[in-house]
2 protein chains.
Amino acid sequence: MNFLEERILKDGIVKPNNVLKVDSFLNHQMDISLMEEIGREFHRRFGDKNITKVLTIEASGIGIACFVAREFGVPMVFAKKSHSINIDSEVYTAEVESFTHKNKNNIIVSRKFLNQDDHILIIDDFLANGCALQGLIAISKAAGASVEGIGIVIEKGFQIGGQVIRNLGIQLESLAIIDAMDSDTGSITFREQ
Amino acid sequence: MNFLEERILKDGIVKPNNVLKVDSFLNHQMDISLMEEIGREFHRRFGDKNITKVLTIEASGIGIACFVAREFGVPMVFAKKSHSINIDSEVYTAEVESFTHKNKNNIIVSRKFLNQDDHILIIDDFLANGCALQGLIAISKAAGASVEGIGIVIEKGFQIGGQVIRNLGIQLESLAIIDAMDSDTGSITFREQ
């Protein structure tokens, strides 16, 4: 069991409808030491790639992606969820459906910050149905950039996203893959990796 | 002129209607080395306070607040802008109007993550009318916590927010205060500090 699986067992809370609350350390209150450890672990797994940019999506991916980008010594770019007056009209865009919020958003990245010379590492906190990742992949491809890999903190292995992404032939590394959760007993079953 | 003012002059773009675009290094693409320098600078300014938590608001405050929290060795909590099914009903809430997005949001923080023993440093990227900060202050007070200070990266000195917050008697430190901008010439006038 790795450091993240241990932390999920210690502080994660299993709720009905396959909701895992990790808001005490990952996506509401953030344990910065854990973020740094996650950054180092993704660097260990993707350090052989010539990464030029880390790409994520607001909001809960940002903190994690910052510490990954720090390890690689590259900028971090986060996709935004709606059209702000502070964003150029010159943007790449993709439509993304949120499992958590049960709605659809357009996500956008300014064309200035991704181009054909970029080798991108995509980072996010959760992978469920994979819609957010597919949006980020679509934006990377629209920029002519190459997606060198995807790093996920927690993958819900019982949902379709991981399989969809792996079928694309992209190196997907999830620090914890949950195959089953039971809100009655609080038990969590991790996939052996 | 400090490191941030220099960077704003180098890479900031003045747009009409007093919009300053710093999306190439601060709030869309993030320069991680700059984030670390900002973290160190706020620690220098607030290091004499017994800070227990750094509080910010999604999305663009998160990256900055992470590196501030790292310097203090404390957790970072970010207020969320809408009610997610992954948030407890047990939340502190405040209404916030966004200058950028021209809408109102409820911001929420789980009661689990702020309490009367907390000494809070509030961090955000921009200060304009101060509504977001007032929401974060209201949430901190509702938790019984003390707000030890507020660190802002860029304050629009020609808007009311800075004065409103300073009138509350809270130590407000802005790394750059802009007193005037001209989108025709691209000129930016910083306040002497």
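A salt bridge here is a side-chain nitrogen of Lys or Arg within 4 Å of a carboxyl oxygen of Asp or Glu. Four salt bridges are counted between chain A and chain B. This is a predicted model, in which local features need pLDDT of at least 70 and side-chain atom pairs count only at pLDDT 80 or more, while totals for chains, interfaces and linings use all residues. Residues are numbered from 1 along each chain as its sequence is written, and side-chain values use heavy atoms, with hydrogens and water left out.

**Extent of the interface**
- Chain A contributes 40 residues and chain B 40 residues to the contact (heavy atoms within 4.5 Å).
- About 3,500 Å² is buried between chain A and chain B, 60% of it on carbon and sulfur atoms; buried area is the accessible area (1.4 Å probe) that two parts lose on being put together, summed over both.

- One salt bridge joins A:Arg70 to B:Glu36, with 2.8 Å between the closest N and O atoms.

**Chain A side**
- Elements that each supply at least two residues to the side touching chain B include helix H2 (32-46), helix H3 (61-72) and strand S5 (76-79) of chain A; helices (H or I, at least four residues) and strands (E, at least two) are DSSP runs, numbered from the N terminus.
- H3(A) gives the largest share, six residues.

**Strand pairing**
- S5(A) pairs with strand S3 (residues 29-30) of chain B in the antiparallel sense over two bridges (pairing requires at least two DSSP bridges).
- A:Met76 has B:Met30 in S3(B) as its bridge partner.

Key. Chains are lettered from A and ligands numbered from 1 in the order in which they are written.
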